[in-house]
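Have the viewer open as you read.

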Amino acid sequence: MKYQTKNVMKHITFILDDAIRPGAVFGLEGTLLYVNDSFHKEFVNDGTGNIRELFIMPPTNLWDDIISDIKKTGNKTIDVNIRLGQNRISSVRMHLEYLDDDQQVIALFDVPQKFGDIAEKTYIQAFRNSDSFMVVMNRDGLIYDVNDQHSTFFNLPKKYFLGKSAEVILKLFPEDPESLINYYKDINLYGFAEKITRYDRSEDGVRYYQVTTLYDCETQVYLVRMNDRTEEMAMKNSLAHTNSLSTIGQLAASIAHEIRNPMTTLKGFVQLLKISATKDAMKYLSVIDEEVDRMESILSEMLVLSKPGQNERTTFSLGVLVADMIQVIYPKALMDGITITQKGNILKDSLINGDSDKIKQVLLNLFKNGIEAMTPGGNLSVFVSLDSPGKVVLGISDNGKGMDTEQVKQIFIPFFTTKSDGSGLGLPFVLKYIEEHGGTITVESEVDIGTTFIVTLPSAIRHDSATDTTKKRVHSP
Ligand SMILES: Nc1ncnc2c1ncn2[C@@H]1O[C@H](COP(=O)(O)OP(=O)(O)O)[C@@H](O)[C@H]1O
Ligand SMILES: [Mg+2]
């Protein structure tokens, strides 16, 4: 069957018709003049268009290079990406022969061999019916097929993927470059790589996809498979949480019990001593009394993590509380050679609702950590800002040793500490208290530069307009 014969020499059409491979004749502009049966079937093309329309994402200058090369040497073999039937895209080897007299070009194509019929059917069924999202890419990373799970996994149409480079998939995940490089390294080394990635753009919240990539040397294709691991991840996280909290609860209870007994004895003797004390001694005894009271309240604080918080809520000024707590921590800072600066005024209208004792603990823990991260000469800088409407923002910056990303990930996990005498319980409490108050906490840190904690709490007064007079920079809470 002939689809077109525009001034194409008889003996050429005869040769092409005999060929099993797809073949075509075209002019120097690419206009198809003749195509054989196999060409028609493989490329689903009736031979009326331009051969250039077959190429998918051709390199710039591809056409000019082809024409100038064949004019010079008479022939050329080149690999091009072509769309085959059923929207498959494949790298196809194209042999070109230039007919000088007629200014025409003969093209013969080596289409990659297909699998056996049964194998192909099984493969296609597995591919189509899988619960996983699957992508097939050629060795240049061009996507030439995806199964129908694309809508479940990404809510994107098939055409978003087909014929595009692997980049369109990478774009969907906010990956840190380092982990991507490792992923590529694994593929190159072992022909296999696997990782769990976060997908944020889903309508029903964050999802976790396990992404597996396999390279098949024989067919020279990459198979990418994505499985939804969201449920497992959620389960794992909640288990980790319950475990650590109940461990803390048990520990807190047993420590509190052990320490309370000797403390009761201590209190009793202080009361006894007060009876016979001189005026001077009385002063010291009162201090001991107060300190013992504080120890008791700290002990009961330790029990809080295993119990829901009690509600002793009042309205108070965070700015004023911050100034008070700076006074409390000041002696420790002085001893360690650290200066403390509170930026701006103490904002009297930085009112929040909550349990001021707990917020005190938050402040003391954050101040203490900052001071402990620095060497003499360091500075702890504290600010309270009303720049965000409806919110009171607290920032605590130190110029201490800082943390790397791995460390930052762990600091809110109970018992994580890098200090020889640390408990690793400070920040877990801080987080719990802030969350109880409907607030958030974020941290930014750089090794050897310093650390900034930003705490955001709901304001007790409605901020219809910016009532704030101090303009301070809020480091992206
Ligand atoms: N401002 C900071 N600078 C550097 N590292 C910090 C800072 N705050 C906390 N960390 C790190 O987080 C860990 C956990 O802190 P925390 O929960 O308060 O427990 P602890 O202070 O008892 O170690 C610390 O051991 C330290 O490694
Ligand atoms: Mg601490």
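## Polar contacts of the ligand

In this predicted model, a polar backbone atom of G424 is 2.9 Å from an oxygen atom of ligand 1. K419 brings a polar side-chain atom to 2.8 Å from an oxygen atom of ligand 1, while a polar side-chain atom of T451 lies 3.3 Å from a nitrogen atom of the ligand. Each is a polar contact, that is, a pair of N or O atoms within 3.5 Å.

How much of ligand 1's accessible area does the protein cover? On its own the ligand has 530 Å², and the protein covers 96% of that; accessible areas come from the Shrake-Rupley method with a 1.4 Å probe, and for residues only the protein chains shown count as cover.

Helices (H or I, at least four residues) and strands (E, at least two) are DSSP runs, numbered from the N terminus.

## A residue in strand 15

V392 belongs to strand 15, which spans residues 391–398. Is V392 buried or exposed? It is buried, with a relative accessible area of 0%; buried means under 20%, exposed over 50% and partly exposed in between, with a 1.4 Å probe and protein chains only.

Leaving out residues up to four places away in sequence, V392 touches several others, among them L318, I352, V384, L386, V455 and L457; a contact means heavy atoms within 4.5 Å. D349 is 43 residues from V392 along the chain, and their C-alpha atoms are separated by 9.6 Å.

## The chain as a whole

The chain has 13 helices and 17 strands. Of its 477 residues, 42% are buried. Among contacts with a separation of 6 or more, 55% join residues 24 or more positions apart. The accessible surface comes to about 27100 Å², and carbon and sulfur atoms account for 54% of it.

## Conventions

Residues are numbered from 1 along each chain as its sequence is written, with chains lettered from A and ligands numbered from 1 in the order in which they are written. Local features need pLDDT of at least 70, side-chain atom pairs count only at pLDDT 80 or more, and totals for chains, interfaces and linings use all residues, while side-chain values use heavy atoms, leaving out hydrogens and water.

Note on methods. Polar contact = N/O pair within 3.5 Å; in protein donor to acceptor, adjacent residues only side chain to side chain.
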